[in-house]
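Here's a quick walk through one structure, written for someone who likes cut-offs spelled out. Have a look at the model first, then read on.

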Amino acid sequence: MLTDLETRLLGLMMMVIMLGMGASLTFKDFRIAFRKPQGLLIGLLCQYAIMPFLGYAMSLALGLPPALAIGLILMGCMPGGTTSNIFAYFSKGVLALSIMMTICSTLVAVVMVPLLLQIYSSLAGLPSEYTVPAGNVAQVLVVLIVPTLIGIALRKWNPNVGATIELIGGLLGIVVILFLIVTWVPRNHQLLFTTPGDVYFAAIGLGLIGMALGYGLSRLLRQDARRSRTIALETGVQNGPLAVLIVLLTFRDELQQQVLLIPVLYSLFIVLTSSAVTVWFRRITTREELARDQAKAPTTVRSAPDAVKA
């Protein structure tokens with residue numbers, strides 16, 4: 001399903017993107033975020049309460065076989081994907097909140113992802129051969145956190161270097177994702193035609209339903225509409241490449257190919273669905289900004305003499 005070149009590109013992309021994400025942050029950003037942590041806390045609640053349970057519930061509701069079930073549960077347990085920051089930017093969301101949610105969910109993932117995988121794999125009654133060892137998850141996450149910390153240090157050392165690395169990381173991520181889509185889809189077109197509809201529903205629905213639930217919970221907890229849309233994107237856009245790397249490290253041969261199916265399909269379709277949602281959110285935000293500008297515009301009231309002359 002993935003060639004050696006594509007696997008290496010995924011690893012390189014994740015390292016560079018995490019370096020770039022770290023370079024977009026300063027320790028001051030953390031201090032500011034923790035002064036008003038409501039958005040971050042709601043984001044973490046969406047990320048590690050809603051999404052893992054959603055993956056587990058969908059696997060049961062659809063009656064997926066164990067290999068596909070663990071792939072879906074794994075996707076639900078992942079931290080936020082770095083592409084969510086790009087979607088937040090173009091949707092006119094709260095970019096600082098999106099970036100902080102991504103980095104915090106990634107840091108927390110070292111503990112939460114192995115724990116949640118163990119809980120939901122056990123609840124789903126999956127056989128032992130489908131277990132994802134906690135050490136494999138922690139190994140990948142720790143490797144990715146190191147470039148993030150290096151990026152933060154570089155930003156503190158030289159803001160210009162940090163800004164350049166941030167830009168390179170974002171651009172490389174987009175280029176690699178587009179390259180993987182262009183090379184993977186033609187090579188696996190037969191697989192796409194023969195994949196059952198319930199698998200597509202699982203891979204696509206996880207992100208879209210996650211966005212809807214993230215937005216609804218944010219509004220319920222009194223976040224404004226713009227912040228809620230940001231949290232919605234951050235909730236639905238999981239770190240698909242990270243899930244793929246964990247599968248490649250954990251499983252072998254035919255079992256690996258089966259478990260990979262949902263993470264790969266999710267990573268493919270989340271780019272398309274999030275792009276559509278981003279356009280929709282951007283239009284809503286633009287309308288809201290226009291309405292605010294019109295409300296602030298001074299109204300011209302003619303005096304009584306002027307009215308008589310008219």
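Where is the place of K92? K92 sits in the loop between α5 and α6.

## Ground rules

Heads up: this is a predicted model, where local features need pLDDT of at least 70, side-chain atom pairs count only at pLDDT 80 or more, and totals for chains, interfaces and linings use all residues. Residues are numbered from 1 along each chain as its sequence is written, and side-chain values use heavy atoms, with hydrogens and water left out.

As for the element names, helices (H or I, at least four residues) and strands (E, at least two) are DSSP runs, numbered from the N terminus.

K92 has a positive phi of about 65° even though it is not a glycine. That's worth a second look, because most residues other than glycine have a negative phi. K92 counts as partly exposed because its relative accessible area is 23% (buried is under 20%, exposed is over 50%, and partly exposed is in between, using a 1.4 Å probe and protein chains only).

How many salt bridges does the structure hold? There are 2, where a salt bridge means a side-chain nitrogen of Lys or Arg within 4 Å of a carboxyl oxygen of Asp or Glu. K92 takes part in one with E289, and the closest N and O atoms are 3.3 Å apart. This pair links distant parts of the chain: K92 is in the loop between α5 (83-90) and α6 (95-123), while E289 is in helix α13 (residues 253-296), 197 residues apart. E289 is partly exposed, since its relative accessible area is 27%.

## The R229 bridge

R229 and E288 bring their side chains together in a salt bridge at 2.7 Å, N to O. Here too, distant parts of the chain are linked, with R229 in helix α11 (residues 225-236) and E288 in helix α13, 59 residues apart. As a general point, side chains of opposite charge can pair when their charged atoms come close.

Why does R229 count as buried? Its relative accessible area is 5%.

## Surface patches

Two patches come next. Patches are made of residues with over 30% relative accessible area and no salt bridge; like charges are joined within 9 Å, and nonpolar side chains (Val, Leu, Ile, Met, Phe, Trp, Tyr) within 5 Å. For the charged kind, Lys and Arg count as positive and Asp and Glu as negative, with His and the chain ends not counted. The place of a charge is NZ of Lys, CZ of Arg, CG of Asp or CD of Glu.

K28, R31, R35 and K156 form a positive surface patch. Helix α2 (residues 27-35) supplies the largest share of it, 3 residues. R35 is found in that helix and counts as exposed because its relative accessibility is 64%. The nonpolar patch is made by L45, L220 and L221, with about 300 Å² of accessible area together (Shrake-Rupley method, 1.4 Å probe, only the protein chains shown counting as cover for residues). L45 lies in helix α3 and is partly exposed, with a relative accessible area of 41%.

## Buried residues

Helix α2 also holds F30, which is buried at a relative accessible area of 14%. Not counting residues up to four places away in sequence, F30 touches L25, M100, I103 and I152 (contact means heavy atoms within 4.5 Å). F30 and M100 are 70 residues apart in sequence, yet 7.6 Å apart in space, C-alpha to C-alpha.

Helix α3 (residues 38-61) has Q47, and that residue counts as buried at 2% relative accessibility. Leaving aside neighbours within four places in sequence, Q47 is in contact with several residues, including G76, M78, S105, E234 and Q238. I246, in helix α12 (residues 240-250), counts as buried at 0% relative accessibility. Outside four places in sequence, I246 touches L74, M78, V132, V137 and V140.

## Another positive phi

R222 has a phi near 70°, a positive value in a residue other than glycine. R222 sits in the loop between α10 (197-220) and α11, and at 79% relative accessibility it counts as exposed.
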